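Subject: Structure handover

Hello,

Here is the structure I said I would pass on. Please look it over first; my notes follow below.

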Amino acid sequence: MKNLTLTIMVAMITNLTLTAQNKKVLFVLSAADTLALDNGRKLRQTGVFLNEFYLAYKSVTENGYLVEFASPNGVVATIDEESINDKYWENSLEIRNEAVAFIKNDNSYHSPITLENALENKDNYIGLIIPGGQGLMIDLLEDNNIPILLKHFAVEKKPTGLICHAPSLILTIPVEENPYIGFKVNAVSPFEEFVIEKFIMKGKPKNRRIAKQLKRVGLNYKSGWPKANYAIKDRNLITSQNPFSSSTFNTLYLEALAGYIETIK
């Protein structure tokens, strides 16, 4: 009788563990906080774009999924100060205030694991989201862990969400082993990049022209109008264009998660 009880308890614990793993989404965040412009002649504060991060986080967690944060060296992500501006939140200033409070107070946000730890735990995640912001163009674009993570999620057909500037990270995978060649992909559009550089940052960063680079290596780049609420889903890959694309991105990403869960039941 004792053995039977023990067996049942172990099975229950195992089932709970598997359920938690099957509901966990990895959020990879940039840890960069300074962007060099015009060949280093100008420095600008940068980081993760707040609404691209928080609205995705809010959507995932409110639909019952768990989240784990990871960043280079486990450094707490910096938020791009530009992204706190009212213009990126339209009629959602209350959510903006909620987001600001979150990044100040949330323990999990302030305790990210390293990207090496994320790789060790990669089988525990049902999906991956990398929010946009210029910060990732500095550190994640140069991090050797990123192509390994992206290839793992691609091979396992796990939902992978890349927001605004984050689709540029597909370029970290060598062309000859890149599982996303031929996929439809979206990212910040050339015109939006021009506006950002000319009127917001007032300078050119080292890493730019994302759409052109994606097309050059063989991805099928698509875009909407500037500031459009635009995102694309192609198989496991969900990509979006700008800070105004969150609702479309979130809908597509949740659909992808639900679809993936059905395949592993």
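With which residues is Glu 98 in contact, leaving aside its neighbours within four places in sequence? The answer is Tyr 54 and Lys 58. Before going further, please keep in mind that this is a predicted model.

Glu 98 belongs to helix H3. With a relative accessible area of 32%, Glu 98 is partly exposed. Thr 34 is 64 residues away from Glu 98 in sequence, and the C-alpha atoms of the two are 25 Å apart in space.

Helix H2 covers residues 50-62 and helix H3 covers residues 93-105; their axes come within 10 Å and cross at roughly 90°. An angle from 65 to 115 degrees counts as roughly perpendicular, so H2 is roughly perpendicular to H3. On the H2 side, the contact is made by Leu 50, Phe 53, Tyr 54, Leu 55, Tyr 57 and Lys 58. On the H3 side, Ile 95, Glu 98, Ala 99, Val 100, Phe 102 and Ile 103 take part. Sorted by class, the contact of H2 with H3 has 10 nonpolar residues, 2 charged residues and no polar ones.

Helix H3 also holds Arg 96. Is Arg 96 buried or exposed? Its relative accessibility is 12%, so Arg 96 counts as buried. Not counting residues up to four places away in sequence, Arg 96 touches Ile 84, Asn 85, Asp 86 and Trp 89. Val 175 lies 79 residues from Arg 96 along the chain, with 39 Å between their C-alpha atoms.

Aromatic rings and charges

The count of aromatic pairs comes to 21. One of them is Tyr 57 with Phe 102: the ring centres are 4.6 Å apart and the planes are at 45°, so the pair is tilted. This pair links distant parts of the chain, since Tyr 57 is in helix H2 and Phe 102 is in helix H3, 45 residues apart. Tyr 57 and Phe 102 are both buried. Both rings are also part of one aromatic cluster, formed by Phe 27, Phe 53, Tyr 54, Tyr 57, Phe 69, Phe 102 and Tyr 109.

Two lysines are placed over rings. The charged end of Lys 23 sits over the ring of Tyr 65, at 4.3 Å from its centre. Lys 158 lies over the face of Phe 153, and the distance to the ring centre is 5.6 Å.

How many of the 11 residues of H5 are buried? The number is 8, so H5 is largely enclosed by the rest of the structure. The buried residues of H5 are Asn 145, Ile 146, Pro 147, Leu 149, Leu 150, His 152, Phe 153 and Ala 154. Their cover includes strand S1 (24-28), helix H4 (115-120), S6 and strand S7 (160-163).

Lys 157 has a positive phi of about 60° although it is not a glycine. At 61% relative accessibility, Lys 157 counts as exposed.

Another positive phi

Lys 227 is also a residue other than glycine with a positive phi, here near 65°. Where is Lys 227 found? Lys 227 is in the loop between strand S9 (220-221) and strand S10 (231-234). Its relative accessibility is 56%, so Lys 227 counts as exposed.

In short

For a first look, I would start with the crossing of H2 and H3 at roughly 90° and with the tilted pair of Tyr 57 and Phe 102. After that, turn to H5, which is largely enclosed by the rest of the structure.

Regards

Technical notes. Residues are numbered from 1 along each chain as its sequence is written. This is a predicted model: local features need pLDDT of at least 70, side-chain atom pairs count only at pLDDT 80 or more; totals for chains, interfaces and linings use all residues. Side-chain values use heavy atoms; hydrogens and water are left out. Axes are lines fitted to C-alpha atoms, for helices over the stretch in contact, and angles run from 0 to 180 degrees between N-to-C directions. Helices (H or I, at least four residues) and strands (E, at least two) are DSSP runs, numbered from the N terminus. Angles under 35 degrees count as roughly parallel, over 145 as roughly antiparallel, 65 to 115 as roughly perpendicular and the rest as oblique. Contact means heavy atoms within 4.5 Å. Ala, Val, Leu, Ile, Met, Phe, Trp, Tyr, Cys and Pro count as nonpolar, Asp, Glu, Lys and Arg as charged, and the others, Gly among them, as polar. Rings of Phe, Tyr and Trp (its six-membered ring) pair if their centres lie within 6.5 Å; planes under 30 degrees apart count as stacked, over 60 as edge-to-face and the rest as tilted. Buried means under 20% relative accessible area, exposed over 50%, partly exposed in between (1.4 Å probe, protein chains only). A charge sits over a ring if NZ of Lys or CZ of Arg is within 6 Å of the ring centre and within 35 degrees of the ring normal.
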